[in-house]
Protein chains: 2
Amino acid sequence: MIDWIADYLATVEQYPVGSQVQPGDIRAMLPEHPPTEAEPFEAVLADMDRVVIPGLTHWQHPNFFAFFPANVSYASILGDLAASGLGVQGMSWMTSPACTEVETLMMDWMQELLGLPEKFRSTSERGGGVIQGSASEATLTSILAARWRATGGQVNTNGDTTRLVAYATSQAHSSIEKGLRIAGIGTGQIRAVPHDEHFAMRPDELARMIEADIAAGLIPFWVCVSRGTTSSMAFDPTAEIAAVAQPANVWVHVDAAMSGIAALAPEHRWVNEGMEHADSYCTNPHKWMGVNFDCDLFWTADRAALLGALSILPEYLRSKAAESGAAIDYRDWQVPLGRRFRALKVWFNIRTGGVADAVAMIRRHVALTQEFAEWADADPRFEVVAPHPLNLVVVRLVEGDAATDSLIERANASGRALFTRTVLDGKVACRVSIGASGTERRHVEDGWALLRELA
Amino acid sequence: MIDWIADYLATVEQYPVGSQVQPGDIRAMLPEHPPTEAEPFEAVLADMDRVVIPGLTHWQHPNFFAFFPANVSYASILGDLAASGLGVQGMSWMTSPACTEVETLMMDWMQELLGLPEKFRSTSERGGGVIQGSASEATLTSILAARWRATGGQVNTNGDTTRLVAYATSQAHSSIEKGLRIAGIGTGQIRAVPHDEHFAMRPDELARMIEADIAAGLIPFWVCVSRGTTSSMAFDPTAEIAAVAQPANVWVHVDAAMSGIAALAPEHRWVNEGMEHADSYCTNPHKWMGVNFDCDLFWTADRAALLGALSILPEYLRSKAAESGAAIDYRDWQVPLGRRFRALKVWFNIRTGGVADAVAMIRRHVALTQEFAEWADADPRFEVVAPHPLNLVVVRLVEGDAATDSLIERANASGRALFTRTVLDGKVACRVSIGASGTERRHVEDGWALLRELA
């Protein structure tokens, strides 16, 4: 299996980037009913090539310019393997102390490596961090903590969320609306704060909305500051938003799921600007740091609110260590009870040189993105439709929506590259996300050549 | 790493079952700050022995009688490894069709292997299944679907959950209250339905409560049928509960996170009794089938409610395959957006003989549990305090709570075995969960000898 993975990663470039199958094709290659006899492992491995590979969209392909990066390092794969093999549960400190303590240490190491505020450290008076599965879960956790704080804990008893109001721009990730909906904040209580011409939140509009909601007897409770939006990588101004939100007791959550990792490189540490005002923050090593999914880092400056929102203590989960306050029980920091030893993949990655590797990769991706933007700027058929400070550039054909749609569709169908379609201010556009660990200049050139040919 | 895991699993018996460290011990063995130079992998591996092993509570230890089993098979470890190496995202069909289609097929295979109703198959008119991370997440998803159905979808808009009422016994898992709280159902809206002398829900009491809540203008919307409670493995009567709940439009969720896997063995298929009435169901191969965490199987008979509750479709996630209805986008079947290729570990496990292995293991565990119960029955110092139809037996010292508490504490401190304390009807008791894949008769004998010595 290890050899198969190494071969796969070494040769992934040979495959069409996006899977070319139609719905039902993969299932049709497999038996409708489970086998009654054991098969040798070789037969299973052979089906990885025969069945699985044709059904993959290759996120590790160097010509993968779609969605967001999801790169993997060998060290992190081995860390994850160790977690699978140990098969321990990290729901409480006592169910495997190392699972909790290595995780806490990794969160502190990452706070340091990313240059985040001290108030997020486990050793701070009121803050701390936890590894979650995804930014969606971190966002939901943040919403729950904010909901608890805004209602003085009452929501745990009366479940009344009807007066709570949340704020984000239309550019915020879909997981924001999903998390709010789950927590009982309907679309009628979610304000789409207008953005400026660069798709970043306008603090003056936020101020106006908060004021109106308070005047209407509502309770503004949570705002999402997107640092690197999905469609165009816009950066909402954290400090200005916090200056408006915090006097109104609105919890400030900063979502930099993709871009936050750029802070590993000192010259990109500007992504953290204003973070000293955040009540919570999340970023994903599983996007741009070579730590394989799932690995979201979530910090809060107010762990009491988190625990207030999520602690439930039945008899069978009690322990002296936790009750004395000496130990962290991470089950109270997340939605699920059970949890893998995810810290191992972060630990393995950092110790074997993963930070230097990630910094080199991030610098290469950012430089290539700037080059791509220059090429698109220089071609009169294309326009670059948003700022591109990091590794995402969004382009469209000046000819219009239909032409741009057709371009993306034909490019993706070619199998030579994969892009993601989006709509910015009503106009169809093509996201070019440069983030696979194998992506070199020639792959970006190839992607650009493809778009030019098809244009 | 593979060799290290194989050695670990072959020799895990040598370690104290519960970690003997104190809070802070593990962290104190590690550098406070991240390394600035890359270390060789050998150094990392050496720290697995030096630092991690002493900090583990060994869930794979054959004398692990605590919590619930979390056993792992080599095939599933390799399936999980494949998922880590491929690094693909299964949030949508198009982001890797194989990830979705193998998962759908595995859910259908498992429906068949467990003997579950046809209405849960992906090919049924209204149902289907999905792999989630944990039963906590499956429970939450079920609550959200029920919430949507009970409010005609209004909750997505107005977020009003204040009239909704949910039902479970005091014996239901803590994740039930946690999921309800997350979804905006406060403790004031959660009814603890009285249980009978065997800790199973009383349908007559449920009927009385539902009637009273309707009379009070409230909306009963969800009931949890626990099939195998955590404290004592009590089985709520599904059919009788459904007969009361469904006429009142109450969603019936069946939680058999641990016990449901027993249905792999035909003689234990009674655990499914009444399942034809369930609106949703979950059970965990990561507990008792050798598929390593995380792997929860969640089925619903009403996928429209699930999609209604959780679908959010931004431009960058649209695809023709999904919009035509030909493909499943599993992101709409769960809380997070991102998802691993979890189906691989189920597929690898089943194909290499995992079902026969699991059936043999389950039979051995159930038989050993019955033996243990006989030993305890025969010793006048002990009493067995609840029925033990499967692999959990709960005992206490007739001497009383203090003696039982002390017994558990000394047994666990010995490192020779690990048990979990619980409280049943106000009395302290010791859960003996027999479920590790390496547990043979001699380990159970040893556990019993330990309790007798210390008593």
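**Close-up views of a predicted two-chain model**

View 1. The whole model is predicted, and in chain A domain 1 covers residues 78–351 while domain 2 covers residues 357–454. The centres of these two domains of chain A, taken over C-alpha atoms, are separated by 30 Å, and the contact between them brings 22 residues of domain 1 together with 21 residues of domain 2.

**View 2. Polar and charged links between the domains of chain A.** One salt bridge is counted between domain 1 of chain A and domain 2 of chain A. A salt bridge also joins the side chains of A:Arg363 and A:Glu267, with a distance of 2.6 Å from N to O. Four residue pairs in polar contact, both residues at pLDDT 80 or more, are counted between the two domains of chain A. Sorted by class, the side of domain 1 of chain A that touches domain 2 of chain A holds 13 nonpolar residues, eight polar residues and one charged residue.

**View 3. How chain B is placed against chain A.** Chain B is superposed on chain A by a rotation of 180° with 0.0 Å of shift along its axis, and the RMSD is 0.0 Å. The two copies are therefore related as by a two-fold rotation axis. Because 100% of the interface residues of chain B are also interface residues in chain A, the copies meet through the same surface.

View 4. Chain B and chain A each give 133 residues to the contact, and the area buried between them is about 11100 Å², with 65% of it from carbon and sulfur atoms. Of the area that chain B buries against chain A, 8% is supplied by B:Arg181, B:Tyr316 and B:Arg351, which is more than any other three residues supply.

**View 5. Salt bridges and polar contacts between the chains.** There are 10 salt bridges between chain B and chain A, and B:Arg351 forms a salt bridge with A:Glu39, where the closest N and O atoms are 2.9 Å apart. Across this interface, 62 residue pairs are in polar contact, both residues being at pLDDT 80 or more. Helix α5 of chain B (residues 97–114) gives 10 residues, the largest share of the side of chain B that touches chain A, and that side has 65 nonpolar, 41 polar and 27 charged residues.

Note on methods: Residues numbered from 1 in each chain as written. Chains lettered and ligands numbered in written order. Predicted model: local features only at pLDDT ≥ 70, side-chain atom pairs only at ≥ 80, totals over all residues. Heavy atoms only, no water. Domains from an automatic or database assignment. Contact = heavy atoms within 4.5 Å. Salt bridge = Lys/Arg side-chain N within 4 Å of Asp/Glu carboxyl O. Polar contact = N/O pair within 3.5 Å; in protein donor to acceptor, adjacent residues only side chain to side chain. Nonpolar A, V, L, I, M, F, W, Y, C, P; charged D, E, K, R; others polar. Least-squares fit on C-alpha atoms with pLDDT ≥ 70 in both. Buried area = accessible area lost by both parts, 1.4 Å probe. Helix = DSSP H or I, 4+ residues; strand = E, 2+ residues; numbered from the N terminus.
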